[in-house]
Amino acid sequence: MAPGSAASIFETMSDERSAGIMYGMLPKKIGEIFAKMTPIKASAVALIIKRGPPFKTNKKHFILK
């Protein structure tokens with residue numbers, strides 16, 4: 001799939017799902033896709049990939065006490 005097409009699909013997915021799929025890709029391919037994504041989405045997904053599996057957000061950090 002072309003990087004532009006893949007980027008538009010990843011833009012519609014959650015950050016965690018995008019990271020889970022991209023984790024198995026070659027770094028060069030991920031970079032090509034990130035180049036076509038919005039910077040905010042690409043940076044959010046990159047941070048999740050960097051953290052590594054499991055790609056789930058810990059909801060406890062978002063609970064206000």
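Residues are classed here by relative accessible area, with buried meaning under 20%, exposed over 50% and partly exposed in between (1.4 Å probe, protein chains only). By this scale D15 is partly exposed, with a relative accessible area of 24%. The structure is a predicted model, in which local features need pLDDT of at least 70 and side-chain atom pairs count only at pLDDT 80 or more, whereas totals for chains, interfaces and linings use all residues. Residues are numbered from 1 along each chain as its sequence is written, and side-chain values use heavy atoms, with hydrogens and water left out.

The protein chain contains 4 helices and 0 strands, where helices (H or I, at least four residues) and strands (E, at least two) are DSSP runs numbered from the N terminus. Along the sequence, the elements follow the pattern α-α-α-α. Of the 65 residues in the protein chain, 26% are buried. The accessible surface, computed by the Shrake-Rupley method with a 1.4 Å probe and, for residues, with only the protein chains shown counting as cover, comes to about 4,800 Å², of which 65% belongs to carbon and sulfur atoms. With contact defined as heavy atoms within 4.5 Å, residues 24 or more positions apart account for 62% of the contacts in the protein chain that have a separation of 6 or more.

In soluble globular proteins, nonpolar side chains tend to be buried together. A nonpolar core is taken to be a set of buried Ala, Val, Leu, Ile, Met, Phe, Trp, Tyr and Cys residues joined through side-chain atoms within 4.5 Å. The largest such core in the model has 14 residues, and those with the most contacts inside it are M22, I33, F34, M37 and V45. Two or more residues of this core come from each of α1 (3-12), α2 (15-22), α3 (27-36) and α4 (39-51), with α4 giving the most, namely 4 residues. When residues up to four places away in sequence are not counted, M37 touches A7, F10, E11, M22, A42 and V45.

In α2, the buried residues are S18, A19 and M22. These residues cover an arc of only 100° around the axis, the arc being that of the directions from the helix axis to the C-beta atoms, which puts them on the same side of α2. The elements that cover the buried residues of α2 include α1, α3 and α4. In α3, the buried residues are I30, I33 and F34, and, seen down the axis of α3, they fall within an arc of 100°, so that they line one face of the helix. These buried residues of α3 pack against α1, α2 and α4, while K28, A35 and K36, on the other side of α3, are exposed.

Within α2, S18 is a buried residue at 0% relative accessibility. A polar atom of the S18 side chain lies 3.3 Å from the backbone oxygen of F10. Leaving aside neighbours within four places in sequence, S18 is in contact with F10, M13, K41 and V45.

Side chains of opposite charge can pair when their charged atoms come close. A search of the whole structure finds 2 salt bridges, a salt bridge being a side-chain nitrogen of Lys or Arg within 4 Å of a carboxyl oxygen of Asp or Glu. One of these joins K41 to D15, with the closest N and O atoms 2.8 Å apart. Since K41 lies in helix α4 and D15 in helix α2, the pair ties together parts that are 26 residues apart in sequence. K41 counts as buried, at 11% relative accessibility, whereas D15 is partly exposed at 24%. In a further salt bridge, the side chains of K29 and E32 meet at 3.9 Å, N to O. K29 and E32 are 3 residues apart in helix α3 and are therefore separated by about one helical turn. K29 is partly exposed, with a relative accessible area of 34%, and E32 is likewise partly exposed, with a value of 30%.

A residue on the exposed side of the scale is K50, which lies in helix α4 and has a relative accessibility of 73%. K50 and Y23 are 27 residues apart in sequence and 9.2 Å apart in space, C-alpha to C-alpha.

Conventions
Polar contact = N/O pair within 3.5 Å; in protein donor to acceptor, adjacent residues only side chain to side chain.
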